[in-house]
Amino acid sequence: MDKRESMWDVYLRKGMSRRSFVKSCVALTSLMGLSTDHVSKVVEAAEKKPLPVVVWIHGHECTGCDESFIRSGAPLASDLVLSQIALEYDHLLSAASGEPFEAHLEETIKKYKGQYILCVEGAVCTKDNGVYCMSGGKPFIETLQHAAHNAAAVIAYGTCAVSGGIQAAKPNPTGSAGIAHFAGKTPVINVPGCPPIPEVMTGVVMHVALFGTVPPLDNEGRPKQFYGNRIHDTCYRRPFFDAGMFAERFDDAGAKAGWCLYKLGCRGPETYNSCGNLRWFQGMSYPIQSGAPCIGCSNAHFWEEDPMTTRMPEYGPLGNVDKIGAAMAVGTAAGVAVHGAMSVIQKQKREAEEHEKE
Ligand code: SF4
Ligand code: SF4
């Protein structure tokens with residue numbers, strides 16, 4: 001097998017400075033959710049490890065996840081694609097097409113069997129032998145199984161790849177489903193979101209690339225560093241929730257004053273994602289910051305729940321949000337305790353599920 005360059009080799013070849021290389025490594029370390037203690041390990045891996053071969057395939061979807069990925073600001077998607085991974089095949093980003101392109105996919109799978117990272121966007125169509133989603137002249141389900149069984153790891157990007165997405169909405173005529181069941185014994189990392197946050201996408205692939213391991217996952221196969229908190233836990237409107245101050249309409253005084261959007265359907269209390277801390281467009285904003293409730297786009301079946309601006313059903317055995325608000329009116333401390341207890345119950349339930357799985 002020919003010798004593949006490391007990230008440092010690429011920087012040298014391009015005449016880029018050691019300083020910019022180290023700066024990239026520091027940025028990658030923080031992006032992967034690691035402490036600064038890990039910078040030297042990241043530098044060492046980036047100096048020595050050959051660039052990871054990545055194959056990126058697209059199933060039944062809208063390509064929104066790739067659109068998100070190319071907007072990554074730290075690292076820039078262009079840096080990632082040109083200097084930090086060896087992207088051998090991508091339905092959207094590759095310039096090549098047609099039969100030679102499909103032949104290259106086959107060569108890559110053979111040459112790097114058991115070594116490459118397979119990124120998958122989109123659901124897999126399972127009805128009628130998968131004919132509703134064709135790729136390179138054959139059903140996508142075949143391409144997926146072949147590429148996944150021979151990969152070192154599979155990253156399922158987006159809610160479609162994780163749990164079927166909008167394509168799987170009832171009555172689901174194409175039999176769309178998440179891809180994990182078709183990966184055989186290859187480990188699958190779920191990165192849900194519609195689409196996922198660009199920096200989360202780059203952070204996950206770089207973790208696998210640099211360390212050659214799957215990052216720590218939760219009970220739904222999601223990287224804990226990006227899906228460890230609910231949107232509600234990091235929401236800057238949270239003090240309004242705790243004080244029982246809710247916008248009732250999108251144009252009322254509460255909405256204008258930036259009060260909590262729970263009564264307008266916000267799914268933040270049940271949604272695990274990094275929007276509240278990483279935000280979007282290089283930290284510029286995120287839906288709640290622009291006045292829109294979280295629609296829970298990283299949750300399975302979010303598209304089939306109640307209308308997105310309808311208030312969430314009551315959650316937890318301790319009552320609904322009005323009771324919390326009423327409790328707050330009577331005594332702030334008591335209300336905080338009630339809400340705190342609800343959060344603790346949810347957290348304990350989740351940890352118990354994870355523990356059971358381990
Ligand atoms: S319900 Fe939504 S808007 Fe309100 S605090 Fe939670 S995440 Fe923020
Ligand atoms: S705020 Fe909620 S709906 Fe919006 S992108 Fe984040 S997880 Fe998805």
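## Strand β1 and its partners

W56 stands opposite C119 in strand β3. The model in which this pairing occurs is predicted. Strand β3 covers residues 117–121 and runs parallel to β1, with 5 bridges between the two. W56 also has a bridge partner in β2, namely D90. The pairing of β1 with β2 (residues 86–90) is likewise in the parallel sense, over 4 bridges.

Strand β7, residues 153–157, pairs with β9 in the parallel sense through 4 bridges. Within this pairing, V154 has V188 of β9 as its bridge partner.

Helix α5 comprises residues 77–84, and its buried residues include A77, L80, S83 and Q84. Among the elements that cover the buried residues of α5 are the helices α1 (7–13), α2 (18–31), α4 (64–69) and α9 (198–211).

## Aromatic pairs

The structure contains 10 aromatic pairs. One of them is formed by F241 and F246, whose ring centres lie 5.8 Å apart with 90° between the planes, an edge-to-face arrangement. F241 has a relative accessibility of 1% and therefore counts as buried. F246 is buried as well, at 7% relative accessible area.

Why is the pair of F241 and Y262 edge-to-face? The planes of the two rings stand at 70°, with the centres 5.7 Å apart, so the pair falls into the edge-to-face class, for which the planes must be over 60 degrees apart. F241 belongs to helix α11 (residues 238–242), whereas Y262 lies in the loop between α12 (253–256) and α13 (275–278); the pair therefore ties together parts that are 21 residues apart in sequence. Y262 is buried, with a relative accessibility of 2%.

Elsewhere, ring pairs link W8, Y11 and F21 into a cluster. The ring of W8 also has the charged end of R18 over it, 4.7 Å from the ring centre.

## Surroundings of ligand 2

Which residues surround ligand 2? They are T271, N273, C275, W280, P287, C294, I295, G296 and C297. By class, this shell has 6 nonpolar and 3 polar residues, and no charged residues.

## Backbone features

Two cis peptide bonds may be noted here. One joins K170 and P171, with omega about 5°; P171 is located in the loop between α8 (158–163) and β8 (176–177). Another joins C194 and P195, with omega about 0°. P195 lies in the loop between β9 and α9.

F281 is part of the loop between α13 and α14 (321–330), and Q282 is placed in the loop between α13 and α14. Is Q282 buried or exposed? Its relative accessibility is 59%, so Q282 counts as exposed.

Definitions and conventions. Residues are numbered from 1 along each chain as its sequence is written. Chains are lettered from A and ligands numbered from 1 in the order in which they are written. This is a predicted model: local features need pLDDT of at least 70, side-chain atom pairs count only at pLDDT 80 or more; totals for chains, interfaces and linings use all residues. Side-chain values use heavy atoms; hydrogens and water are left out. Rings of Phe, Tyr and Trp (its six-membered ring) pair if their centres lie within 6.5 Å; planes under 30 degrees apart count as stacked, over 60 as edge-to-face and the rest as tilted. Buried means under 20% relative accessible area, exposed over 50%, partly exposed in between (1.4 Å probe, protein chains only). A charge sits over a ring if NZ of Lys or CZ of Arg is within 6 Å of the ring centre and within 35 degrees of the ring normal. Contact means heavy atoms within 4.5 Å. A residue is near a molecule or strand if one of its heavy atoms lies within 4 Å of it. Ala, Val, Leu, Ile, Met, Phe, Trp, Tyr, Cys and Pro count as nonpolar, Asp, Glu, Lys and Arg as charged, and the others, Gly among them, as polar. Two strands pair if DSSP finds at least two bridges between them.
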